[in-house]
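Please look through the following notes alongside the model. They take up the strands and then the aromatic rings.

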Amino acid sequence: SNLRTRQVEGAQVMQLGVQWECNWMRKSVQLRSQWNKSVALDGQTLHYSVTDDKGNSLDIQCGKEPATMHVSLNQRYYGPGYPQDFSMQIGSKKLFPSDAGSNAGGDNFRAAWDALRAGKKVIVHAGKASMAVPVAGAAAVLPANPAKAQCESW
């Protein structure tokens, strides 16, 4: 069997393939640089997320209108609900995809989603920090059509 166990921050976890699961709370522990899909405690919000090898992360939240993107860079948070927003550099384009609740925001959100799925080089900038978003495996987790992922945008 490919089932293994190990200690992570005091909790015993099991590995089946590449997914680690905590026995005590049945919540996925995300491995670095791998895309993950999870459901929030409210049972309605879907999270599509990835964390780089430095602990920076991109989190896409869907299920509640409108869809949003948040980033954590150097232990600071950016996006809707935080004091500062972030931008994404995709080729020569600079996008502000954090809030899909406007025409421009929805266009930026969908362009960022498509770029992540296509495996294009995506750099997130916020304050003086930046992150090269890991894109390997994004297409396997992010559905081709964001609306099918309950990611509503305008």
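Which residue takes a positive phi in the hairpin of strand 8 and strand 9?

1. In that hairpin, which has two residues between the strands, Asn 74 takes a positive phi near 50°. This is a predicted model, in which local features need pLDDT of at least 70 and side-chain atom pairs count only at pLDDT 80 or more, while totals for chains, interfaces and linings use all residues. Residues are numbered from 1 along each chain as its sequence is written, and side-chain values use heavy atoms, with hydrogens and water left out.

2. Strand 8 (residues 68–73) pairs with strand 9 (residues 76–78) in the antiparallel sense over three bridges, and Val 71 has Tyr 78 as its bridge partner in strand 9. Strand 7 (residues 57–62) also runs antiparallel to strand 8, joined by five bridges. Strands here are DSSP runs (E, at least two residues), as helices are (H or I, at least four), numbered from the N terminus; two strands pair if DSSP finds at least two bridges between them.

3. Six of the six residues of strand 8 are buried, where buried means under 20% relative accessible area, exposed over 50% and partly exposed in between (1.4 Å probe, protein chains only). Thr 68, His 70 and Ser 72 lie on one side, and Met 69, Val 71 and Leu 73 on the other.

4. A search of the whole structure finds three aromatic pairs, counted when ring centres of Phe, Tyr or Trp (its six-membered ring) lie within 6.5 Å, with planes under 30 degrees apart stacked, over 60 edge-to-face and the rest tilted. Tyr 48 and Trp 113 are edge-to-face, at 5.7 Å centre to centre and 75° between the planes.
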